[in-house]
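Reader: I'm new to this one. Can you walk me through it in short steps?

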Amino acid sequence: VRSMQEIQAATSTIIAESGRTLGANRIKTLQGDALLIQKYIKDNQGKDPSGIADFLGSVSPKDLPDAIKKLTMPSWLDRIMTVRQAALLTDPRTTERNLLGNILGVGLRAAQKPFDIIADKIISGFNKTESTRSFSELLPGNKYKKMLAKKEIDQYLEKYANESGKFDNTALKKTFIEKGADKVFQFLEFQDKIFKRMIAKDSIVSSARAQAAKEKLTGEAYKLRMEELVKNPTDDMLLNMANEATKWTYQNKPNSRVYDTVAGIRNKIPVVGKLAVPFLRTVWNLGSMAIERTVPGQALNLYKLTQGKISSRQALSSLLLTAAIQGVISMAVESGGVTGTERDPKKRAIREAEGIKDDVVNTPFGSFSYKNLEPVSSIIGTAVDVHKTAKNVFSGEKDVVSGAGSVGFSMADRFVNNSFLRGIKDLLDLAPGYQDFSGRNAEERSVNNLGDYGKQQLASFYPRAFNWIEEITNEAKTQRPEGFLEN
């Protein structure tokens, strides 16, 4: 491998050309280290890094920029699949769900925070010298948040969360369609950035409060220390801020061997893999966030705790919040305030006859569906299933093993149907004699043969926005009064 100086000199000329593949639309600055270049290619392109160091070592310094450029440039398949991703994301309902998902993420973070503090106090034995959190973090702190300018927060995110503004790959000649795809990603990223700034400000202020409380400061000394920490946050505060901002907008890199395995398989068979799973990181993070706050998910948290992937404070906080959610949902189910999904065909027919809808929250102000509001949909739906299963087990209608199995299958089915993992289920529908536990027959499946699957995948390149417009238009036509616009 070339020396650090040679790598730095070479990569400095292609900084604007070595962004992530089109799907991310963000440039990631190479630091001038051959190992980082290898990791960059592996993480963002899915290419095997073995031999890349030798390859770079065999290239003369003057040709190194072009060599690295070839390795980091997206292939035609990457470009085609990126256009498909953009087509899937053009549906206005996807934009709406992205917005709602971020709002729910911020809300879930706010709900989690008091339990984080309580767990910290319990683990530390309410010893102030051992505790790292303070109940003062629950105060809004708007005065201190105003000290943090938007530009300043963006600089923190760029440095500590590896985010930058515009994606600029001057070496890539984009088609008109690809330029349009860029706009779709940029619009969704603009939405995410709003919430990242909000979370980043709250995180810095919360960390400052915790530090000031740990130093046992009060009165004017407390205020002065708060201002000092907010204006000049420490590296630890900023690293925590970056982690919070990416985690609660579902953009963090999952720390999971299973995720790495799935991503590897997806990249090994890029055509089928990316057709069946067009999006992975965000979908995985949504699922993880939901699972970790359900009763079945506590077993996963216990495993993570034994493996050292989460702390005892994190595990206890998740357990406390899950218990609170399960208690509230169980009471709501008993009072008729919340419904789940009925998968038994006979019971489902009876419910439909009685006018009871699936996945609905009933309030004094009306009813609304939570079906597509991930990650909350999976959290509420699973809590409903756990309550119903527990009743069936206690009544003797089901045993513990079959009850646990039905909850697990129900949770997986709910998440797959509410995310971009539907392609996996469509592939399962092609298996001979396959009929999933929900009781869907051949007429109810989206695909029944390879021809159907092929047509479905080709149709996915057609922008969803046009499908949405057609649906709205057709609905308006069928509901219009007779003679409307005919005179």
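**A walk through the model**

Author: Let's start in a loop. Lys216 sits in the loop between α9 and α10 (219-231). This is a predicted model, so keep that in mind throughout.

Reader: What is the phi of Lys216?

Author: Positive, about 60°, although Lys216 is not a glycine.

Reader: Is Lys216 buried or exposed?

Author: Exposed. Its relative accessible area is 57%, and the cut-off for exposed is over 50%.

Reader: Which other residue has a positive phi although it is not a glycine?

Author: Asp359, with a phi of about 55°. Asp359 lies in the loop between α17 (345-353) and β1 (360-363).

Reader: And is Asp359 buried or exposed?

Author: Buried. Asp359 has a relative accessible area of 3%, and buried means under 20%.

Reader: Back to α9. How do α8 and α9 pack?

Author: Helix α8 covers residues 150-160 and helix α9 covers residues 176-214. They pack at an angle of about 90°, and their axes are 10 Å apart. That angle is between 65 and 115 degrees, so α8 and α9 are roughly perpendicular to each other.

Reader: Which residues meet there?

Author: From α8, Lys150, Ile153, Asp154, Tyr156 and Leu157. From α9, they meet Lys193, Lys196, Arg197, Ala200, Lys201 and Ile204. By type, the contact of α8 with α9 has five nonpolar residues, six charged and no polar.

Reader: New topic. Which residues are buried in α15?

Author: Helix α15 runs over residues 297-306, and Gly297, Gln298, Asn301 and Lys304 are buried in it. Seen down the axis of α15, those buried residues fall within an arc of 110°, so they line one face of the helix.

Reader: What is on the other side of α15?

Author: Ala299, Leu302 and Thr306, which are exposed there.

Reader: What covers the buried residues of α15?

Author: The cover includes α14 (281-291) and α16 (312-334).

Reader: And what follows α15?

Author: Gly308 does, and its phi is positive, near 75°.

Reader: What about Ser378: where is it found?

Author: In helix α18, which spans residues 376-395. Ser378 is buried, with a relative accessible area of 4%.

Reader: What is Ser378 in contact with?

Author: Setting aside neighbours within four places in sequence, Ser378 is in contact with Ala290, Thr294, Arg414 and Phe415.

Reader: Now confidence. What is the mean pLDDT of the protein chain?

Author: The mean is 75, and 67% of the residues reach 70 or more.

Reader: Where is confidence lowest, and where is it highest?

Author: Lowest in helix α1 (residues 4-12), at a mean of 44. Highest in α16, at 93. Over residues 1-33 the pLDDT is below 50, and that stretch has 96 contacts in the model beyond near neighbours in sequence.

Reader: And what about residues 164-171?

Author: There pLDDT stays under 50. The model has 23 contacts for residues 164-171 beyond four places in sequence.

Methods: Residues numbered from 1 in each chain as written. Predicted model: local features only at pLDDT ≥ 70, side-chain atom pairs only at ≥ 80, totals over all residues. Heavy atoms only, no water. Axes fitted to C-alpha atoms, helices over the stretch in contact; angles between N-to-C directions. Helix = DSSP H or I, 4+ residues; strand = E, 2+ residues; numbered from the N terminus. Parallel < 35°, antiparallel > 145°, perpendicular 65-115°, else oblique. Contact = heavy atoms within 4.5 Å. Nonpolar A, V, L, I, M, F, W, Y, C, P; charged D, E, K, R; others polar. Buried < 20%, exposed > 50% of the residue type's maximum accessible area, 1.4 Å probe, protein only. Arc of directions from axis to C-beta. pLDDT = per-residue confidence, 0-100.
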